[in-house]
Amino acid sequence: MTSSARVADMAARDSYGRLLAYLSSRTHDIALAEDALADAFVQALDLWPTRGVPDNPDAWLLTTARNRLTDRQRHQTRFPTKDEIPDMPADDTSPALFPDERLALLMVCAHPSIASDLHVPLMLQTVLGLEAKTIARLFLVSPTALTKRLGRAKAKIRDAGIPFHIPDAAVLPSRATTIHEAIYGLHAYDWLNPADDLGDEALYLADLMTKLMPENSEGLALAALIALSHARANARIVNQTLVPTEDQDTSLWDKRLIFYGRQTLARAYTKATVGRFQIEAAIEAVHIARKDSGRTDWEALNKLYYALLQIAPSLGALVAQAAVVGRLHGPQAGLDALDAMQDQAGTGFQPYWAARAMILAELGQVAEAITCFEKAISLATDSATITLLTNRRDALHHG
Amino acid sequence: MRYTFLLYTDPADLADMTPADWEAEKEVYGAYIGALNEAGVFVDTDWLQPVHTATTLSLKGGTKQVQDGPFADTKETLGGFFVIDVPDLDAAMAWAEKCPAVKVGKVEIRASAMGSE
(Lines give C-alpha, C1' and ligand atoms only; values in the text may rest on other atoms or scores of the structure.)
Protein backbone atom coordinates (compact mmCIF):
# COMPACT_ATOMS: atom_id res chain seq x y z
CA MET A 1 0.00 0.00 0.00
CA THR A 2 1.34 3.47 -0.86
CA SER A 3 1.64 5.91 2.02
CA SER A 4 -1.15 8.14 0.71
CA ALA A 5 -3.41 5.13 0.28
CA ARG A 6 -2.56 4.15 3.84
CA VAL A 7 -3.43 7.62 5.11
CA ALA A 8 -6.75 7.46 3.22
CA ASP A 9 -7.35 4.00 4.63
CA MET A 10 -6.64 5.19 8.17
CA ALA A 11 -8.88 8.25 7.70
CA ALA A 12 -11.70 5.98 6.52
CA ARG A 13 -11.17 3.73 9.52
CA ASP A 14 -11.28 6.72 11.80
CA SER A 15 -14.62 7.74 10.33
CA TYR A 16 -16.01 4.23 10.47
CA GLY A 17 -15.11 3.70 14.13
CA ARG A 18 -16.40 7.12 15.20
CA LEU A 19 -19.67 6.73 13.31
CA LEU A 20 -20.28 3.20 14.54
CA ALA A 21 -19.43 4.13 18.14
CA TYR A 22 -21.82 7.07 18.01
CA LEU A 23 -24.66 5.08 16.42
CA SER A 24 -24.30 2.06 18.70
CA SER A 25 -24.02 4.19 21.83
CA ARG A 26 -27.43 5.62 20.91
CA THR A 27 -29.09 2.34 19.92
CA HIS A 28 -27.19 -0.02 22.27
CA ASP A 29 -27.42 -2.42 19.35
CA ILE A 30 -24.08 -2.83 17.59
CA ALA A 31 -25.36 -5.22 14.90
CA LEU A 32 -28.20 -2.85 13.98
CA ALA A 33 -25.83 0.12 13.85
CA GLU A 34 -23.41 -1.89 11.68
CA ASP A 35 -26.17 -2.73 9.22
CA ALA A 36 -27.34 0.87 9.04
CA LEU A 37 -23.81 2.15 8.54
CA ALA A 38 -23.11 -0.50 5.90
CA ASP A 39 -26.24 0.64 4.05
CA ALA A 40 -25.06 4.24 4.24
CA PHE A 41 -21.66 3.28 2.79
CA VAL A 42 -23.39 1.36 -0.03
CA GLN A 43 -25.47 4.44 -0.84
CA ALA A 44 -22.36 6.61 -0.72
CA LEU A 45 -20.57 4.34 -3.20
CA ASP A 46 -23.64 4.55 -5.39
CA LEU A 47 -24.20 8.32 -5.26
CA TRP A 48 -20.86 10.01 -4.63
CA PRO A 49 -19.17 9.04 -7.91
CA THR A 50 -21.96 10.72 -9.91
CA ARG A 51 -23.14 13.52 -7.60
CA GLY A 52 -19.78 14.27 -6.07
CA VAL A 53 -18.53 13.76 -2.51
CA PRO A 54 -20.48 15.90 -0.02
CA ASP A 55 -18.61 18.66 1.75
CA ASN A 56 -18.94 16.79 4.95
CA PRO A 57 -18.89 13.05 4.21
CA ASP A 58 -19.20 12.01 7.86
CA ALA A 59 -22.30 14.12 8.43
CA TRP A 60 -23.81 12.71 5.24
CA LEU A 61 -23.04 9.12 6.32
CA LEU A 62 -24.38 9.74 9.81
CA THR A 63 -27.65 11.23 8.56
CA THR A 64 -28.13 8.43 6.05
CA ALA A 65 -27.38 5.72 8.62
CA ARG A 66 -29.64 7.42 11.16
CA ASN A 67 -32.49 7.47 8.62
CA ARG A 68 -31.96 3.76 8.10
CA LEU A 69 -32.17 3.17 11.83
CA THR A 70 -35.34 5.27 12.01
CA ASP A 71 -36.91 3.14 9.28
CA ARG A 72 -36.13 -0.02 11.17
CA GLN A 73 -36.89 1.18 14.63
CA ARG A 74 -40.01 3.20 13.92
CA HIS A 75 -41.90 1.23 16.52
CA GLN A 76 -39.19 1.51 19.12
CA THR A 77 -38.67 4.53 21.29
CA ARG A 78 -35.19 3.91 22.60
CA PHE A 79 -33.48 5.62 19.69
CA PRO A 80 -34.05 9.36 19.86
CA THR A 81 -34.78 10.36 16.32
CA LYS A 82 -35.59 14.02 16.82
CA ASP A 83 -33.14 16.84 17.34
CA GLU A 84 -30.40 14.35 17.99
CA ILE A 85 -28.38 15.37 14.99
CA PRO A 86 -29.03 18.87 13.69
CA ASP A 87 -28.88 19.47 9.96
CA MET A 88 -25.34 20.38 9.23
CA PRO A 89 -24.51 23.38 7.15
CA ALA A 90 -22.73 22.12 4.07
CA ASP A 91 -19.57 24.10 4.78
CA ASP A 92 -19.18 22.93 8.37
CA THR A 93 -15.94 20.98 8.50
CA SER A 94 -15.33 21.17 12.23
CA PRO A 95 -14.02 17.83 13.55
CA ALA A 96 -16.44 17.73 16.50
CA LEU A 97 -19.60 17.06 14.51
CA PHE A 98 -20.66 14.52 17.05
CA PRO A 99 -19.03 13.25 20.22
CA ASP A 100 -16.34 10.59 20.00
CA GLU A 101 -17.88 7.57 21.75
CA ARG A 102 -15.12 5.15 20.82
CA LEU A 103 -13.85 4.82 24.39
CA ALA A 104 -17.34 3.77 25.53
CA LEU A 105 -17.47 1.31 22.64
CA LEU A 106 -14.04 -0.13 23.57
CA MET A 107 -15.26 -0.46 27.17
CA VAL A 108 -18.22 -2.48 25.87
CA CYS A 109 -15.99 -4.68 23.66
CA ALA A 110 -13.73 -5.48 26.62
CA HIS A 111 -16.51 -5.73 29.20
CA PRO A 112 -15.79 -8.34 31.90
CA SER A 113 -18.97 -10.23 30.99
CA ILE A 114 -17.76 -10.81 27.41
CA ALA A 115 -15.46 -13.82 26.88
CA SER A 116 -11.91 -12.45 26.88
CA ASP A 117 -10.98 -14.13 23.60
CA LEU A 118 -13.70 -12.06 21.92
CA HIS A 119 -12.41 -8.68 23.17
CA VAL A 120 -9.93 -8.21 20.33
CA PRO A 121 -12.22 -9.54 17.54
CA LEU A 122 -15.00 -7.21 18.75
CA MET A 123 -12.63 -4.22 18.78
CA LEU A 124 -11.32 -5.03 15.32
CA GLN A 125 -14.82 -5.39 13.97
CA THR A 126 -16.47 -2.36 15.56
CA VAL A 127 -13.67 0.20 15.83
CA LEU A 128 -11.74 -0.72 12.69
CA GLY A 129 -14.59 -2.14 10.60
CA LEU A 130 -12.80 -5.43 9.80
CA GLU A 131 -15.07 -8.23 8.64
CA ALA A 132 -15.44 -11.31 10.85
CA LYS A 133 -14.06 -13.47 8.03
CA THR A 134 -10.95 -11.32 7.75
CA ILE A 135 -10.40 -11.49 11.50
CA ALA A 136 -10.85 -15.27 11.45
CA ARG A 137 -8.30 -15.62 8.66
CA LEU A 138 -5.78 -13.46 10.53
CA PHE A 139 -6.18 -15.51 13.73
CA LEU A 140 -6.55 -18.90 11.99
CA VAL A 141 -9.88 -19.58 13.66
CA SER A 142 -13.06 -20.97 12.09
CA PRO A 143 -14.75 -18.01 10.29
CA THR A 144 -18.22 -19.52 10.65
CA ALA A 145 -17.81 -20.14 14.36
CA LEU A 146 -16.28 -16.69 14.96
CA THR A 147 -19.09 -14.97 13.04
CA LYS A 148 -21.67 -16.79 15.17
CA ARG A 149 -19.85 -16.03 18.42
CA LEU A 150 -19.54 -12.34 17.52
CA GLY A 151 -23.25 -12.25 16.67
CA ARG A 152 -24.12 -13.81 20.02
CA ALA A 153 -21.83 -11.38 21.87
CA LYS A 154 -23.55 -8.39 20.23
CA ALA A 155 -26.97 -9.82 21.09
CA LYS A 156 -25.79 -10.16 24.70
CA ILE A 157 -24.50 -6.57 24.73
CA ARG A 158 -27.95 -5.43 23.57
CA ASP A 159 -30.12 -7.78 25.63
CA ALA A 160 -28.14 -7.78 28.87
CA GLY A 161 -27.89 -4.00 28.76
CA ILE A 162 -24.11 -3.64 28.86
CA PRO A 163 -23.77 0.12 29.27
CA PHE A 164 -22.16 2.36 26.64
CA HIS A 165 -20.46 4.74 29.01
CA ILE A 166 -17.12 5.58 30.53
CA PRO A 167 -17.01 3.85 33.94
CA ASP A 168 -16.50 5.76 37.21
CA ALA A 169 -13.03 6.74 38.29
CA ALA A 170 -13.06 3.85 40.79
CA VAL A 171 -13.19 1.14 38.12
CA LEU A 172 -11.91 3.07 35.10
CA PRO A 173 -8.23 2.10 35.55
CA SER A 174 -8.96 -1.63 35.73
CA ARG A 175 -11.34 -1.43 32.77
CA ALA A 176 -8.72 0.48 30.78
CA THR A 177 -6.19 -2.19 31.72
CA THR A 178 -8.47 -4.85 30.20
CA ILE A 179 -8.50 -2.91 26.93
CA HIS A 180 -4.71 -2.42 27.06
CA GLU A 181 -4.19 -6.12 27.72
CA ALA A 182 -6.39 -7.06 24.77
CA ILE A 183 -4.36 -4.75 22.50
CA TYR A 184 -1.11 -6.14 23.95
CA GLY A 185 -2.42 -9.65 23.22
CA LEU A 186 -3.04 -8.63 19.62
CA HIS A 187 0.50 -7.26 19.39
CA ALA A 188 1.99 -10.39 20.98
CA TYR A 189 0.04 -12.60 18.59
CA ASP A 190 1.31 -10.54 15.65
CA TRP A 191 4.86 -10.87 16.97
CA LEU A 192 4.63 -14.67 17.31
CA ASN A 193 2.96 -15.10 13.94
CA PRO A 194 4.90 -12.68 11.77
CA ALA A 195 3.14 -13.64 8.55
CA ASP A 196 -0.25 -12.30 9.56
CA ASP A 197 0.35 -8.53 9.42
CA LEU A 198 -1.79 -7.49 12.37
CA GLY A 199 0.78 -5.01 13.68
CA ASP A 200 -0.92 -2.01 12.06
CA GLU A 201 -4.18 -2.84 13.80
CA ALA A 202 -2.50 -3.18 17.20
CA LEU A 203 -0.71 0.14 16.72
CA TYR A 204 -3.88 1.86 15.55
CA LEU A 205 -5.84 0.73 18.62
CA ALA A 206 -3.00 1.57 21.02
CA ASP A 207 -2.60 5.02 19.47
CA LEU A 208 -6.35 5.54 19.68
CA MET A 209 -6.25 4.70 23.41
CA THR A 210 -3.54 7.36 23.95
CA LYS A 211 -5.86 9.91 22.35
CA LEU A 212 -8.92 8.78 24.31
CA MET A 213 -7.02 8.54 27.64
CA PRO A 214 -4.00 10.87 27.24
CA GLU A 215 -3.11 10.79 30.95
CA ASN A 216 -2.91 6.99 31.23
CA SER A 217 0.81 6.17 31.43
CA GLU A 218 0.44 2.47 30.65
CA GLY A 219 -1.62 3.30 27.56
CA LEU A 220 1.14 5.65 26.36
CA ALA A 221 3.77 3.02 27.14
CA LEU A 222 1.82 0.35 25.28
CA ALA A 223 1.63 2.51 22.15
CA ALA A 224 5.37 3.19 22.44
CA LEU A 225 6.12 -0.50 22.93
CA ILE A 226 4.12 -1.52 19.87
CA ALA A 227 5.56 1.28 17.70
CA LEU A 228 9.17 0.50 18.69
CA SER A 229 8.70 -3.25 18.10
CA HIS A 230 6.90 -2.63 14.86
CA ALA A 231 9.69 -0.27 13.74
CA ARG A 232 11.92 -3.34 13.48
CA ALA A 233 9.43 -5.43 11.50
CA ASN A 234 11.18 -5.11 8.13
CA ALA A 235 14.53 -6.12 9.60
CA ARG A 236 13.11 -9.00 11.61
CA ILE A 237 12.48 -11.42 8.78
CA VAL A 238 14.95 -11.42 5.89
CA ASN A 239 14.86 -14.15 3.21
CA GLN A 240 12.05 -15.84 5.15
CA THR A 241 14.42 -16.19 8.10
CA LEU A 242 14.01 -14.68 11.55
CA VAL A 243 16.85 -12.31 12.48
CA PRO A 244 17.58 -11.86 16.22
CA THR A 245 17.29 -8.22 17.36
CA GLU A 246 21.03 -7.79 17.97
CA ASP A 247 21.83 -8.94 14.40
CA GLN A 248 19.22 -6.83 12.63
CA ASP A 249 20.26 -4.27 10.00
CA THR A 250 19.31 -1.00 11.72
CA SER A 251 19.01 0.80 8.38
CA LEU A 252 15.85 -1.24 7.80
CA TRP A 253 14.24 0.09 11.00
CA ASP A 254 11.37 2.54 10.47
CA LYS A 255 12.44 6.07 11.50
CA ARG A 256 8.90 7.40 11.64
CA LEU A 257 7.77 4.71 14.08
CA ILE A 258 10.93 5.15 16.16
CA PHE A 259 10.24 8.87 16.44
CA TYR A 260 6.63 8.24 17.43
CA GLY A 261 7.60 5.51 19.90
CA ARG A 262 10.29 7.57 21.62
CA GLN A 263 8.05 10.61 21.85
CA THR A 264 5.17 8.59 23.29
CA LEU A 265 7.45 6.79 25.75
CA ALA A 266 8.81 10.16 26.91
CA ARG A 267 5.22 11.21 27.67
CA ALA A 268 4.70 8.00 29.66
CA TYR A 269 7.89 8.70 31.67
CA THR A 270 6.40 12.00 32.91
CA LYS A 271 3.57 10.18 34.69
CA ALA A 272 3.99 9.01 38.26
CA THR A 273 3.29 5.31 37.78
CA VAL A 274 5.60 2.69 36.33
CA GLY A 275 3.99 -0.42 34.91
CA ARG A 276 4.85 -3.47 32.91
CA PHE A 277 4.30 -1.86 29.51
CA GLN A 278 6.61 1.01 30.39
CA ILE A 279 9.43 -1.38 31.24
CA GLU A 280 8.83 -3.44 28.11
CA ALA A 281 8.82 -0.25 26.02
CA ALA A 282 12.07 0.85 27.70
CA ILE A 283 13.61 -2.53 26.74
CA GLU A 284 12.58 -1.90 23.13
CA ALA A 285 14.05 1.62 23.34
CA VAL A 286 17.41 0.20 24.51
CA HIS A 287 17.50 -2.14 21.47
CA ILE A 288 16.54 0.75 19.19
CA ALA A 289 19.37 2.89 20.62
CA ARG A 290 21.85 0.64 18.78
CA LYS A 291 20.79 2.47 15.62
CA ASP A 292 22.66 5.56 16.89
CA SER A 293 25.28 4.14 19.24
CA GLY A 294 26.25 1.05 17.23
CA ARG A 295 26.18 -1.11 20.36
CA THR A 296 23.60 -2.80 22.60
CA ASP A 297 23.59 -1.68 26.23
CA TRP A 298 23.37 -5.12 27.89
CA GLU A 299 23.81 -3.63 31.35
CA ALA A 300 20.67 -1.51 30.90
CA LEU A 301 18.75 -4.48 29.50
CA ASN A 302 19.77 -6.61 32.48
CA LYS A 303 18.40 -4.01 34.92
CA LEU A 304 15.18 -3.58 32.95
CA TYR A 305 14.53 -7.33 32.78
CA TYR A 306 15.21 -7.53 36.51
CA ALA A 307 12.56 -4.83 37.08
CA LEU A 308 10.14 -6.50 34.66
CA LEU A 309 10.48 -9.82 36.48
CA GLN A 310 9.60 -8.05 39.75
CA ILE A 311 6.26 -6.69 38.52
CA ALA A 312 5.30 -9.09 35.72
CA PRO A 313 7.17 -12.38 35.96
CA SER A 314 6.97 -14.56 32.86
CA LEU A 315 8.91 -17.41 31.32
CA GLY A 316 9.63 -15.27 28.26
CA ALA A 317 11.24 -12.54 30.37
CA LEU A 318 13.27 -15.11 32.36
CA VAL A 319 14.69 -16.59 29.16
CA ALA A 320 15.39 -13.16 27.72
CA GLN A 321 17.22 -12.13 30.87
CA ALA A 322 19.34 -15.31 30.81
CA ALA A 323 20.36 -14.44 27.25
CA VAL A 324 21.25 -10.89 28.37
CA VAL A 325 23.30 -12.28 31.28
CA GLY A 326 25.12 -14.45 28.74
CA ARG A 327 26.09 -11.32 26.80
CA LEU A 328 27.05 -9.37 29.87
CA HIS A 329 28.96 -11.96 31.92
CA GLY A 330 29.82 -14.61 29.32
CA PRO A 331 28.00 -17.69 28.01
CA GLN A 332 28.68 -19.80 31.11
CA ALA A 333 26.78 -17.28 33.26
CA GLY A 334 23.93 -17.38 30.73
CA LEU A 335 23.87 -21.17 30.86
CA ASP A 336 23.80 -21.06 34.69
CA ALA A 337 20.80 -18.73 34.52
CA LEU A 338 19.02 -21.11 32.15
CA ASP A 339 19.86 -24.07 34.43
CA ALA A 340 18.35 -22.19 37.35
CA MET A 341 15.02 -21.81 35.57
CA GLN A 342 14.87 -25.32 34.12
CA ASP A 343 12.05 -26.51 36.40
CA GLN A 344 9.92 -23.49 35.60
CA ALA A 345 10.49 -23.77 31.85
CA GLY A 346 9.39 -27.40 31.75
CA THR A 347 10.10 -29.16 28.49
CA GLY A 348 7.74 -27.45 26.05
CA PHE A 349 8.86 -23.78 26.00
CA GLN A 350 10.51 -23.16 22.64
CA PRO A 351 12.42 -19.91 23.47
CA TYR A 352 14.15 -21.70 26.37
CA TRP A 353 15.56 -24.39 24.07
CA ALA A 354 16.54 -21.87 21.40
CA ALA A 355 18.40 -19.71 23.95
CA ARG A 356 20.07 -22.78 25.46
CA ALA A 357 21.15 -24.04 22.04
CA MET A 358 22.73 -20.71 21.12
CA ILE A 359 24.62 -20.41 24.42
CA LEU A 360 25.87 -24.03 24.20
CA ALA A 361 27.06 -23.33 20.65
CA GLU A 362 29.01 -20.33 21.94
CA LEU A 363 30.58 -22.54 24.61
CA GLY A 364 31.65 -24.99 21.91
CA GLN A 365 29.49 -27.81 23.32
CA VAL A 366 28.46 -28.82 19.82
CA ALA A 367 26.64 -32.11 20.45
CA GLU A 368 24.53 -30.66 23.28
CA ALA A 369 23.82 -27.55 21.23
CA ILE A 370 22.58 -29.64 18.29
CA THR A 371 20.26 -31.62 20.59
CA CYS A 372 18.80 -28.37 21.96
CA PHE A 373 18.43 -26.87 18.46
CA GLU A 374 16.51 -29.97 17.43
CA LYS A 375 14.22 -29.71 20.44
CA ALA A 376 13.63 -26.00 19.69
CA ILE A 377 12.93 -26.74 16.01
CA SER A 378 10.37 -29.40 16.94
CA LEU A 379 8.55 -26.88 19.16
CA ALA A 380 8.59 -24.01 16.63
CA THR A 381 5.49 -23.58 14.49
CA ASP A 382 6.38 -20.63 12.24
CA SER A 383 8.64 -21.10 9.28
CA ALA A 384 10.84 -18.01 9.85
CA THR A 385 11.86 -19.30 13.29
CA ILE A 386 12.30 -22.87 12.02
CA THR A 387 14.62 -21.61 9.25
CA LEU A 388 16.76 -19.56 11.66
CA LEU A 389 17.16 -22.49 14.07
CA THR A 390 17.82 -24.97 11.27
CA ASN A 391 20.52 -22.69 9.78
CA ARG A 392 22.22 -22.34 13.16
CA ARG A 393 22.11 -26.10 13.72
CA ASP A 394 23.45 -26.86 10.25
CA ALA A 395 26.32 -24.39 10.79
CA LEU A 396 27.37 -26.50 13.79
CA HIS A 397 27.21 -29.70 11.73
CA HIS A 398 29.52 -28.16 9.16
CA GLY A 399 31.66 -26.13 11.55
CA MET B 1 6.31 -40.36 16.45
CA ARG B 2 2.92 -40.09 14.83
CA TYR B 3 0.23 -38.18 16.68
CA THR B 4 -3.45 -37.94 15.81
CA PHE B 5 -5.46 -34.84 16.68
CA LEU B 6 -9.16 -35.53 17.09
CA LEU B 7 -11.04 -32.28 16.55
CA TYR B 8 -14.19 -31.90 18.63
CA THR B 9 -16.42 -28.94 17.87
CA ASP B 10 -20.01 -27.91 18.46
CA PRO B 11 -21.89 -28.54 15.19
CA ALA B 12 -24.20 -25.61 16.05
CA ASP B 13 -21.20 -23.31 15.52
CA LEU B 14 -20.84 -24.54 11.95
CA ALA B 15 -24.51 -24.94 10.97
CA ASP B 16 -26.04 -23.24 7.92
CA MET B 17 -22.77 -22.68 6.10
CA THR B 18 -23.04 -20.95 2.75
CA PRO B 19 -20.58 -21.83 -0.03
CA ALA B 20 -18.71 -18.60 0.80
CA ASP B 21 -18.50 -19.63 4.49
CA TRP B 22 -17.22 -22.99 3.36
CA GLU B 23 -14.51 -21.37 1.22
CA ALA B 24 -13.43 -19.16 4.13
CA GLU B 25 -13.32 -22.21 6.40
CA LYS B 26 -11.19 -24.13 3.92
CA GLU B 27 -8.83 -21.17 3.61
CA VAL B 28 -8.16 -21.13 7.36
CA TYR B 29 -7.59 -24.88 7.55
CA GLY B 30 -5.53 -24.67 4.34
CA ALA B 31 -3.22 -22.16 6.05
CA TYR B 32 -2.78 -24.57 8.97
CA ILE B 33 -2.04 -27.47 6.60
CA GLY B 34 0.43 -25.19 4.81
CA ALA B 35 2.26 -24.46 8.08
CA LEU B 36 2.38 -28.18 8.94
CA ASN B 37 3.71 -28.95 5.47
CA GLU B 38 6.33 -26.19 5.63
CA ALA B 39 7.58 -27.65 8.90
CA GLY B 40 7.61 -31.12 7.32
CA VAL B 41 5.36 -32.71 9.96
CA PHE B 42 2.09 -33.19 8.02
CA VAL B 43 0.85 -36.76 7.47
CA ASP B 44 -2.90 -36.76 6.87
CA THR B 45 -6.16 -34.98 7.59
CA ASP B 46 -9.84 -35.25 6.86
CA TRP B 47 -12.98 -33.28 7.49
CA LEU B 48 -15.89 -35.51 8.43
CA GLN B 49 -19.56 -35.30 7.47
CA PRO B 50 -21.79 -34.18 10.37
CA VAL B 51 -22.34 -36.55 13.26
CA HIS B 52 -25.96 -37.37 12.30
CA THR B 53 -24.58 -39.28 9.30
CA ALA B 54 -22.52 -41.54 11.57
CA THR B 55 -23.04 -45.27 11.70
CA THR B 56 -21.69 -47.14 14.69
CA LEU B 57 -21.02 -50.84 14.34
CA SER B 58 -20.21 -53.44 16.97
CA LEU B 59 -19.72 -57.20 16.89
CA LYS B 60 -18.79 -57.31 20.55
CA GLY B 61 -20.47 -60.21 22.33
CA GLY B 62 -21.04 -62.03 19.05
CA THR B 63 -24.06 -60.11 17.88
CA LYS B 64 -23.91 -57.48 15.22
CA GLN B 65 -25.22 -54.16 16.41
CA VAL B 66 -25.68 -51.32 14.00
CA GLN B 67 -26.50 -47.95 15.51
CA ASP B 68 -27.67 -45.03 13.42
CA GLY B 69 -25.66 -42.23 14.93
CA PRO B 70 -22.43 -41.62 16.83
CA PHE B 71 -20.99 -43.82 19.54
CA ALA B 72 -21.38 -41.08 22.14
CA ASP B 73 -24.00 -38.38 22.01
CA THR B 74 -22.26 -35.22 23.14
CA LYS B 75 -22.60 -31.51 22.48
CA GLU B 76 -19.18 -31.36 20.89
CA THR B 77 -18.71 -34.01 18.22
CA LEU B 78 -15.80 -35.42 16.24
CA GLY B 79 -15.56 -33.20 13.16
CA GLY B 80 -12.20 -34.12 11.69
CA PHE B 81 -8.67 -35.20 12.42
CA PHE B 82 -5.04 -34.45 11.70
CA VAL B 83 -2.15 -36.88 11.73
CA ILE B 84 1.28 -35.33 12.18
CA ASP B 85 4.77 -36.71 12.66
CA VAL B 86 6.80 -34.91 15.34
CA PRO B 87 9.42 -36.03 17.89
CA ASP B 88 7.36 -35.87 21.09
CA LEU B 89 4.23 -34.74 22.92
CA ASP B 90 5.68 -31.25 23.56
CA ALA B 91 5.91 -30.67 19.81
CA ALA B 92 2.47 -32.20 19.24
CA MET B 93 1.03 -29.80 21.81
CA ALA B 94 2.73 -26.83 20.17
CA TRP B 95 1.03 -27.73 16.87
CA ALA B 96 -2.34 -28.53 18.49
CA GLU B 97 -2.30 -25.01 19.95
CA LYS B 98 -2.24 -23.66 16.40
CA CYS B 99 -5.07 -25.87 15.12
CA PRO B 100 -8.11 -23.73 14.19
CA ALA B 101 -10.45 -26.14 16.01
CA VAL B 102 -8.72 -25.57 19.36
CA LYS B 103 -10.08 -22.02 19.54
CA VAL B 104 -13.71 -23.05 19.18
CA GLY B 105 -13.70 -26.59 20.55
CA LYS B 106 -11.30 -29.23 21.84
CA VAL B 107 -8.44 -31.14 20.32
CA GLU B 108 -7.66 -34.58 21.73
CA ILE B 109 -4.04 -35.60 21.12
CA ARG B 110 -3.31 -39.32 20.83
CA ALA B 111 0.06 -40.88 20.11
CA SER B 112 0.22 -43.73 17.66
CA ALA B 113 0.44 -47.16 19.28
CA MET B 114 1.98 -48.60 16.11
CA GLY B 115 5.49 -47.34 16.92
CA SER B 116 7.58 -45.56 14.34
CA GLU B 117 9.50 -47.13 11.52
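Buried, for this talk, means under 20% relative accessible area, exposed means over 50%, and partly exposed is in between. What I am showing is a predicted model.

Take A:H230 to begin with. This histidine sits in helix α10 of chain A. Its relative accessible area is 14%, so A:H230 counts as buried. What does A:H230 touch, leaving aside its neighbours within four places in sequence? The contacts are A:D190, A:G199, A:D200 and A:L257.

As background, nonpolar side chains tend to be buried together in soluble globular proteins.

Next, helix α7 of chain A, residues 143-159. Its 17 residues reach 24 Å from first C-alpha to last, close to the 24 Å expected at 1.5 Å a residue. Which residues of α7(A) are buried? They are A:P143, A:T144, A:A145, A:L146, A:L150, A:A153, A:K154 and A:I157. In chain A they pack against α2 (30-51), α4 (102-109), α5 (119-126) and α6 (132-139), and in chain B against α1 (19-38). Just after α7(A) comes A:G161, with a positive phi of about 70°.

On to the rings. Over all chains, the search finds 11 aromatic pairs. One of them joins A:W48 and A:W60, edge-to-face, at 5.3 Å centre to centre and 70° between the planes. A:W48 is in helix α2 of chain A and A:W60 in helix α3 (residues 57-72), 12 residues apart. Buried or partly exposed: where does each fall? A:W48 has a relative accessible area of 18%, under the 20% limit, so it is buried. A:W60 has 23%, so it is partly exposed.

In chain B, ring pairs link B:W22, B:Y29, B:Y32, B:W47, B:F82 and B:W95 into a cluster.

Two arginines also lie over ring faces. A:R18 is over A:F98, at 5.4 Å from the ring centre, and A:R236 is over A:W191, at 3.7 Å.

Last, the domains. Chain A is divided into domain 1 (3-78) and domain 2 (171-295), and their centres, taken over C-alpha atoms, are separated by 31 Å.

Conventions
Residues are numbered from 1 along each chain as its sequence is written. Chains are lettered from A and ligands numbered from 1 in the order in which they are written. This is a predicted model: local features need pLDDT of at least 70, side-chain atom pairs count only at pLDDT 80 or more; totals for chains, interfaces and linings use all residues. Side-chain values use heavy atoms; hydrogens and water are left out. Helices (H or I, at least four residues) and strands (E, at least two) are DSSP runs, numbered from the N terminus. Buried means under 20% relative accessible area, exposed over 50%, partly exposed in between (1.4 Å probe, protein chains only). Contact means heavy atoms within 4.5 Å. Domain bounds come from an automatic or database domain assignment. The expected span of a helix is 1.5 Å times one less than its number of residues. Rings of Phe, Tyr and Trp (its six-membered ring) pair if their centres lie within 6.5 Å; planes under 30 degrees apart count as stacked, over 60 as edge-to-face and the rest as tilted. A charge sits over a ring if NZ of Lys or CZ of Arg is within 6 Å of the ring centre and within 35 degrees of the ring normal.
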